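Please have the sequence and the model at hand.

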Amino acid sequence: KDWMSTVPPTKVDPDKAFSEIIVPTSDTVRYTFLLDRLMLNGKHVLCVGETGTGKTLTVADKLTYHIPEEFIPIFITFSARTSANQTQDLIDSKMDKRRKGVFGPPSGQKMVISVDDVNMPMREKYFAQPPIEILRQWMDHSGWYERKPPCAYRTLMDIQFVGCMGPPGGGRNIVTNRFLRHFNFIAFAEMSDASIVRIFTSILGATLERKFAKEIVEMNNPVVQATVDMYNNIRAELLPTPAKSHYTFNLRDMARVVQGVLRAEAKEIGKDKKELLSLWLHESMRVFHDRLVNEEDKEWFKKHISDVMQANTGLEWSEVVDMERLIYGDYLVPGADPRIYSKVTNLTTLRKIVEEALDDYNSVSNAPMKLVMFLDAIEHVSRIARVIRLPLGNALLLGVGGSGRQSLTRLATAMEDYELFQIEIAKGYGKNEWRDDLKRVLMMAGAEGKDT
């Protein structure tokens, strides 16, 4: 019996946030079944796998939506700076007093604590990871000591853990076997190409079928297959080296390409396949090409993406791209609502739009910027604006001093009608100042509702 036959057919909702869409594959159905059986039998579970294999998403979906009512989920994410005290305080704050010295969730219920990135906490002088040691103390002795005198012992009942972690390396550490011995392991393998194609054709197909002409809907499979081929070849050819340590590509990069294609507008594309492919090329360039550090790698990528497109769609680069620069943006009509993500067809007009945006910024800013908007700078502004507009979009700008990272970020933020919050790192800037800055930015974004 096939695993997929055990779940109802999935219909993807195109209106749902991209990061929340889950498409079951035979792998995820299998993992969820094992997770369910182990949890219901009171076992601790540890999900292990590479970045982008769906560990966090599978666990979060299971604990949030598909769990008996007597279970209460709590979500904790470890980082390099997580301390044992923070971990202890967070778990203690969720507990009710049962009797003297004994704490737990409300009577008749069980608490499932999901710990993401279990192996991220930094090692201390003697190579232990304090947040892991405090959890290990509970697993070995069913409790821990309060830190306030008289330091009474707190026994914690009816708790079980579900952890997620990636293999050691890239900031993740080796975890002691004294902690791991308490867990049942589920290994999340790298997804097969068939699973990846199924996921992304379901997501892209749902949007294309709702908004686009039949000719465009037919491009669903070729576009996803081309993305998968490109991703596999990049991972095989562009390997990380000491000079290119950031050449680490995972499934999230591929998801960003598809997420970019989902921003397509039916009016802009009409029935022209080349317009959809042009957008796909642009998103692939932004996700992969912008990360490359030398001309040799960039030329290889351009040739490779052209070959992949030719193999899957029968069209070459020169047939799809008819301009010197391939640029898309949603700032071409200032003040438009909703903003339309469209292709730049006239570079002279684009320069005028960006220069007008710069004049507008200078007229209201206390620190006006005197910038000459040449094509490379305009392209950088466009790249930053694209990332700002994407949900959960983050960018790391690399460049020598004076290359315009701050100025162009300010301009792109103004063009997208966002508020800019900048942290000034000066002598004496420490953890407390960082926390105060974080509070201020969260108040701006969360309490005042400003796009920041």
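Predicted model: local features only at pLDDT ≥ 70, side-chain atom pairs only at ≥ 80, totals over all residues.

Residues are numbered from 1 along each chain as its sequence is written, and side-chain values use heavy atoms, without hydrogens and water.

Five strands (DSSP runs of E, at least two residues) form an open sheet with parallel pairing, in the order β2-β5-β8-β1-β9. Strands count as paired if DSSP finds at least two bridges between them. β2 (71-77) and β9 (183-188) each have a single partner strand, so one side of each has no neighbour in the sheet. Between β5 (110-116) and β8 (159-165) there are five bridges; V112 has Q160 of β8 as its bridge partner.

Two helices (DSSP runs of H or I, at least four residues) pack on the sheet, with contact meaning heavy atoms within 4.5 Å. Angles run from 0 to 180 degrees between N-to-C directions of lines fitted to C-alpha atoms, for helices over the stretch in contact.

| Helix | Residues | Strands touched | Angle |
|---|---|---|---|
| α1 | 26-40 | β1, β2, β5, β8, β9 | about 175° with β9 |
| α2 | 55-65 | β1, β2, β5, β8, β9 | about 155° with β8 |

A nonpolar core joins buried (under 20% relative accessible area, 1.4 Å probe, protein chains only) Ala, Val, Leu, Ile, Met, Phe, Trp, Tyr and Cys residues through side-chain atoms within 4.5 Å. The largest has 54 residues, and L281 is among those with the most contacts inside it. Helix α6 (193-211) is one of the elements giving two or more residues to this core; its eight are the most. A second, separate core of 26 residues includes L46 and W144.

Note on methods: Buried < 20%, exposed > 50% of the residue type's maximum accessible area, 1.4 Å probe, protein only.
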